Number of protein chains: 2
Amino acid sequence: MSSDGLGSCGIKQGMEGKENQHLEPSQVKVEEPPGGSISQQDSVSEWLPYSYMAMIQFTINSTERKHMTLKIIYTWIKAHFPYFKHMAKPGWKNSIRRNLSLHDMFVRETSAKGKVSFWTIHLSANQYFTLDQVSEQQK
Amino acid sequence: MSSDGLGSCGIKQGMEGKENQHLEPSQVKVEEPPGGSISQQDSVSEWLPYSYMAMIQFTINSTERKHMTLKIIYTWIKAHFPYFKHMAKPGWKNSIRRNLSLHDMFVRETSAKGKVSFWTIHLSANQYFTLDQVSEQQK
DNA sequence: TAAATGTTTATAAACATTTCC
DNA sequence: TTGGAAATGTTTATAAACATT
Ligand SMILES: [Mg+2]
Ligand SMILES: [Mg+2]
């Protein structure tokens, strides 16, 4: 029982609406690769791989200075989780912004000259989790 | 501009689903009173009258000891807001529980003998708003 | 003025814990 | 007393309204 709160979030995406609960197989498997069955990569990308809170921690902690603009957070997450290239709902950026605001651990700071704002992780809350660390634990 | 965060929440209920966006008038006005047009009371009850956070504050602050069990919170809210007699979605109790957990201002305490748990408002956060006070301001 | 960014609330749901029958 | 059902409690996702930059 890991208690770091960074496990996979377990919520299946893409067919949660009432109108989609009885999809035909043809509607489920779109663009199956010609090679054969669906790859592990694609299978995994059907799921939100971690909570947004966890993914934002991985993202910000991936940099030396532990701070990042919103735009770069979007970019990093899309680059590191296949889910956001194919399956993510259009609201995923909304969800990231909502998590940044909601959780006290994420703190917005403004650059010395003003203008640019960076998201950081509250010092006393940061356990410096990174995606590499957590992926390692799952082996 | 009131800044107490207790204003009406402004979210219209009952036809937000895609499948309900173009209701016929006959579906909108059910059980119109024989007297004529819809009464002010009924009109108001179509709307969530305050945020759940505000309503829970009114509820707990209505008692001398400023604490209340979940069951009584349900009862008080249903008794004081017509919305919860007619229009509320089935998930309204879920929303109350979620708000109690989510907001730090609501604190669960256990009775001396154990067993019963009461919800209270964090002392430093309680502004002792009551429904009467806020209704008065709207006149 | 428009788009991007930031904040807050509602709703549904998964899941855990506690209490009741 | 105990086992299962119901109630209670916690957390996350998603959509949306709205404010600010
Ligand atoms: Mg924050
Ligand atoms: Mg609380």
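In this predicted model, Leu100(B) has a relative accessible area of 1% and is therefore buried. Leu100(B) is one of the residues that coordinate the magnesium ion (ligand 2), together with His103(B) and Phe106(B). Each of these residues contributes its O atom, at 2.4 to 2.6 Å. Along the sequence, the donor residues of this ion follow the spacing L-x2-H-x2-F.

Tyr50(B) and Phe81(B) are both buried.

A further pair is formed by Tyr74(B) and Trp92(B), whose ring centres are 5.9 Å apart. The planes of these two rings meet at 70°, so the arrangement is edge-to-face. Because Tyr74(B) belongs to helix H4 of chain B and Trp92(B) to helix H6 (residues 92-102) of chain B, the pair ties together parts separated by 18 residues in sequence. Tyr74(B) is buried at a relative accessible area of 13%, and Trp92(B) is likewise buried, at 9% relative accessibility. The ring of Tyr74(B) also has the charged end of Lys93(B) over it, 4.7 Å from the ring centre.

In chain A, ring pairs join Tyr52(A), Tyr74(A), Tyr83(A), Phe84(A) and Trp92(A) into a cluster. One member of this cluster, Tyr74(A), has the charged end of Lys93(A) over its ring, at 4.7 Å from the centre.

Chain A also contains a pair of antiparallel strands, E2 (residues 106-110) and E3 (residues 117-121), joined by 5 bridges. Within this pairing, Phe106(A) has Ile121(A) in E3(A) as its bridge partner. The two strands E2(A) and E3(A) make up a hairpin, with 6 residues between them. Gly114(A), located in the turn, has a positive phi of about 80°.

Terms used. Residues are numbered from 1 along each chain as its sequence is written. Chains are lettered from A and ligands numbered from 1 in the order in which they are written. This is a predicted model: local features need pLDDT of at least 70, side-chain atom pairs count only at pLDDT 80 or more; totals for chains, interfaces and linings use all residues. Side-chain values use heavy atoms; hydrogens and water are left out. Donors are N, O and S atoms within 2.8 Å of the metal (3.2 Å for Na, K and Ca); water is not among the atoms, so sites may look incomplete. Buried means under 20% relative accessible area, exposed over 50%, partly exposed in between (1.4 Å probe, protein chains only). Two strands pair if DSSP finds at least two bridges between them. Helices (H or I, at least four residues) and strands (E, at least two) are DSSP runs, numbered from the N terminus. Rings of Phe, Tyr and Trp (its six-membered ring) pair if their centres lie within 6.5 Å; planes under 30 degrees apart count as stacked, over 60 as edge-to-face and the rest as tilted. A charge sits over a ring if NZ of Lys or CZ of Arg is within 6 Å of the ring centre and within 35 degrees of the ring normal.
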